[in-house]
Amino acid sequence: MQKEFNRSLKEFNTFGIDVKAKEYISVSTADQLIKVLDTHRPEEIFLLGGGSNMLLTNDVYKTVVHLNLKGKKVVERNDNKVIIECLAGENWHEFVLWSIDHDYGGLENLSLIPGNVGTSPIQNIGAYGVELKDVFHACEAVEIASGEIRKFSKEECEFDYRHSIFKSDLKGKFIITKVFFRLTEKNHVLNTSYGVIEDTLTKKGVVNPTIKDVSNAVIQIRQSKLPDPKHLGNSGSFFKNPVIPKETFEQLKKKHPQMPMYAVSKTMVKVPAGWLVDQCGLKGFRDGEAGVHKHQALVLVNYGNATGEDVLSLAKMVQQTVMDKFEISLEAEVNIIA
């Protein structure tokens with residue numbers, strides 16, 4: 001267990017915001033985590049994983065507990081299925097590549113998503129037709145108040161679009177320490193339903209794709225649209241795609257005939273947030289050191305020296321502009337840490 005004081009968190013958040021932690025503790029086992037919880041009240045702790053889904057707007061005056069639990073292994077095999085146990089501190093994309101190298105199928109569409117494994121169930125991360133819930137088996141988490149370890153089934157996690165019980169009823173009450181994934185060992189069922197994947201595979205001349213081919217296609221697509229946080233600070237998609245009543249969409253369609261949508265249910269549709277921002281003329285907009293990415297309007301970026309407040313101010317301006325033009329409220333997908 002590593003402890004430091006007045007530690008900069010710039011390298012631990014993908015936006016690259018330079019704020020400091022009053023006290024920083026890195027834990028590498030569940031036992032170390034439980035010891036920290038034994039000596040700190042819940043309100044004194046700020047949890048830090050991969051730092052990919054948050055915007056830090058101030059110095060952190062709580063004790064920052066950095067989850068550095070590492071390790072992954074096969075724990076069960078059954079017919080064509082394999083259960084993989086992966087600890088929370090593992091980098092998500094590296095875990096995806098590891099699974100592909102071992103010919104375990106199911107994660108390939110989720111390649112190159114930033115962050116760590118431990119936070120993936122909280123957000124129910126998803127991309128290109130696949131969500132975490134599609135490959136999720138279970139997870140273990142430490143209850144902050146008691147220090148006890150509890151295992152959650154898929155049903156208990158109450159997954160929904162970019163949502164889980166850890167963002168609602170159990171928000172701030174548990175720390176996920178390991179995640180179990182249910183993957184295929186053979187006869188992989190590929191999901192290339194997103195036309196952009198099929199187009200990319202076709203251009204590569206791939207007729208009978210493997211999970212590796214799909215992963216490579218997704219990586220190529222994401223790299224062409226999304227900036228690498230190592231070179232340009234960002235947290236991926238800053239806003240959720242809004243879900244609105246179908247009737248509202250039909251009314252908007254009259255004013256904006258090109259407005260795209262994806263059916264969510266018989267009465268609700270999802271409108272791409274990036275399209276809304278782009279239609280407001282904000283793609284590539286820059287305000288000082290913060291801006292909207294020039295290739296993807298859904299991504300806000302730090303050009304080098306932006307503060308968290310700079311990015312937050314930009315986000316609010318984008319939300320207001322979309323509201324003024326479409327009367328649609330954009331909700332931040334990124335966690336704003338005030």
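Mentor: Let us begin with an open sheet of three strands, whose order is 14-16-15 and whose pairing is antiparallel. This is a predicted model, in which local features need pLDDT of at least 70 and side-chain atom pairs count only at pLDDT 80 or more, while totals for chains, interfaces and linings use all residues. Residues are numbered from 1 along each chain as its sequence is written, and side-chain values use heavy atoms, with hydrogens and water left out.

Trainee: Why do strand 14 and strand 15 stand at the edges?

Mentor: Strand 14 (243-245) and strand 15 (262-263) each have a single partner strand, so one side of each is left without a neighbour in the sheet. Strands here are DSSP runs of E with at least two residues, and helices are runs of H or I with at least four residues, both numbered from the N terminus.

Trainee: What makes strand 15 and strand 16 a pair?

Mentor: Two strands pair if DSSP finds at least two bridges between them, and strand 15 and strand 16 (residues 268-270) are joined in the antiparallel sense over two bridges. Alanine 263 has valine 269, in strand 16, as its bridge partner.

Trainee: Why is threonine 14 called buried?

Mentor: Buried means under 20% relative accessible area, exposed over 50%, and partly exposed in between, with a 1.4 Å probe and protein chains only. Threonine 14 has 15% relative accessibility, and therefore counts as buried. This threonine 14 lies in the loop between strand 1 (2-8) and strand 2 (20-27), and, not counting residues up to four places away in sequence, the residues that threonine 14 touches include Gly50, Pro229 and Asn234; contact means heavy atoms within 4.5 Å.

Trainee: How do you know that valine 318 is buried?

Mentor: Valine 318 has a relative accessible area of 0%, and so is buried. Valine 318 belongs to helix 9 (residues 308-326) and, leaving aside neighbours within four places in sequence, is in contact with Phe239, Val277, Leu282, Val292 and Leu330.

Trainee: What makes the radius of gyration of the chain agree with a compact globule?

Mentor: The radius is taken over C-alpha atoms, and the globule rule is 2.2 Å times the number of residues to the power 0.38. With 338 residues, a compact globule would have a radius of gyration near 20 Å, and the chain has 20 Å, so the two agree. Buried residues make up 50% of the 338 residues in the chain.
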